[in-house]
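Hello,

Here is the structure I promised to pass on. Please open it first, then read my notes below.

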Amino acid sequence: MADTLKVGDSLPQGITFSYIPYTEENSAVTSCGIPVSYNASKEWADKKVVLFAVPGAFTPGCSARHLPPYIEKLPKIKAAGADLVVCIAYNDAFVMSAWGKANGVKNEILFLNDTDTAFSKKLGWTNGERTARYALIIDNGKIVYAEKEPGREITVSGADAVLAKL
């Protein structure tokens, strides 16, 4: 893709994801909820957002090594200025919602479906049909940090790396 997003670029209009907002009524992992469209272009225009992408919910690397440090370091990430922490993957909104609930996360981190990996494709960062493993910091609608993992390890997209850039 010739027109990929990069550091210094503004988040384009029309960036949307699908997700299921957490509610007490659908708090059980087996409760589905109703997917809604999330307009990231609008919601993130005046916020500092930490976004990390994983190849798949409930996969060993993502569940054991990528997500837990974000949950653990969430207070530090927020104290460093992040208004919102977002996790995206190619998994549908139902799977992403269940993954958040299975990890004890309510609304502290948004678990969004990168529908058809449309957003990841704008970055040029996919792994076949899945999202690649990467992290972004978006500050008032502008991408100020963007790093894709060069290999299978979690380095530049991990919570510590992102926290160091806030």
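**Salt bridges**

The structure holds 5 salt bridges. Keep in mind that this is a predicted model. Side chains of opposite charge can pair when their charged atoms come close.

Start with Lys 6. Its salt-bridge partner is Asp 9, and the closest N and O atoms are 3.4 Å apart. Asp 9 is buried, because its relative accessible area is 18%, and the limit for buried is under 20%.

Next, look at Lys 48 and Asp 139. They form a salt bridge too, with 4.0 Å between the closest N and O atoms. Lys 48 sits in strand 3 and Asp 139 in strand 8 (residues 134-139), so this pair ties together parts that are 91 residues apart in sequence. Asp 139 counts as partly exposed, at 26% relative accessibility.

Then there is Glu 72 with Lys 73. Their side chains meet in a salt bridge, at 3.6 Å from N to O. Is each of the two buried or exposed? Lys 73 is buried, with a relative accessible area of 16%. Glu 72 is exposed, with a relative accessible area of 60%. Asp 160 joins them: Glu 72, Lys 73 and Asp 160 are linked in a network of salt bridges.

**Aromatic rings**

Now the rings. The structure holds 8 aromatic pairs. One of them is Tyr 19 with Tyr 38. This pair is edge-to-face, with 5.4 Å centre to centre and 80° between the planes. Tyr 19 lies in strand 1 (residues 16-19) and Tyr 38 in strand 2 (residues 36-39), so the pair ties together parts that are 19 residues apart in sequence. Tyr 19 is buried, at a relative accessible area of 15%. Tyr 38 is buried as well, at 9%.

How are the rings of Phe 52 and Tyr 70 arranged? Their centres are 3.8 Å apart and their planes are at 0°, so the pair is stacked. Phe 52 belongs to strand 3 (residues 48-53) and Tyr 70 to helix 2 (residues 60-72), so this pair ties together parts that are 18 residues apart in sequence. Both Phe 52 and Tyr 70 are buried.

There is also a cluster. Ring pairs link Phe 17, Tyr 19, Tyr 38, Trp 44 and Phe 119. So Tyr 19 and Tyr 38, the edge-to-face pair, are both members of this cluster.

**Two threonines in contact**

Thr 131 lies in strand 7 (residues 130-131). It counts as buried, at 0% relative accessibility. A polar atom of the Thr 131 side chain lies 2.4 Å from the backbone oxygen of Val 54. Leaving aside neighbours within four places in sequence, Thr 131 is in contact with a list of residues, among them Val 54, Pro 55, Ile 88, Tyr 90, Trp 125 and Thr 117.

Where does Thr 117 lie? It is in the loop between strand 5 (110-113) and helix 5 (118-123). Thr 117 counts as buried, at 3% relative accessibility. Not counting residues up to four places away in sequence, Thr 117 touches Tyr 90, Thr 126, Glu 129, Arg 130 and Thr 131. Tyr 90 and Thr 126 are in contact with Thr 131, and they touch Thr 117 as well.

Best wishes

Notes
Residues numbered from 1 in each chain as written. Predicted model: local features only at pLDDT ≥ 70, side-chain atom pairs only at ≥ 80, totals over all residues. Heavy atoms only, no water. Helix = DSSP H or I, 4+ residues; strand = E, 2+ residues; numbered from the N terminus. Buried < 20%, exposed > 50% of the residue type's maximum accessible area, 1.4 Å probe, protein only. Contact = heavy atoms within 4.5 Å. Phe/Tyr/Trp six-rings, centres within 6.5 Å; stacked < 30°, edge-to-face > 60°. Polar contact = N/O pair within 3.5 Å; in protein donor to acceptor, adjacent residues only side chain to side chain.
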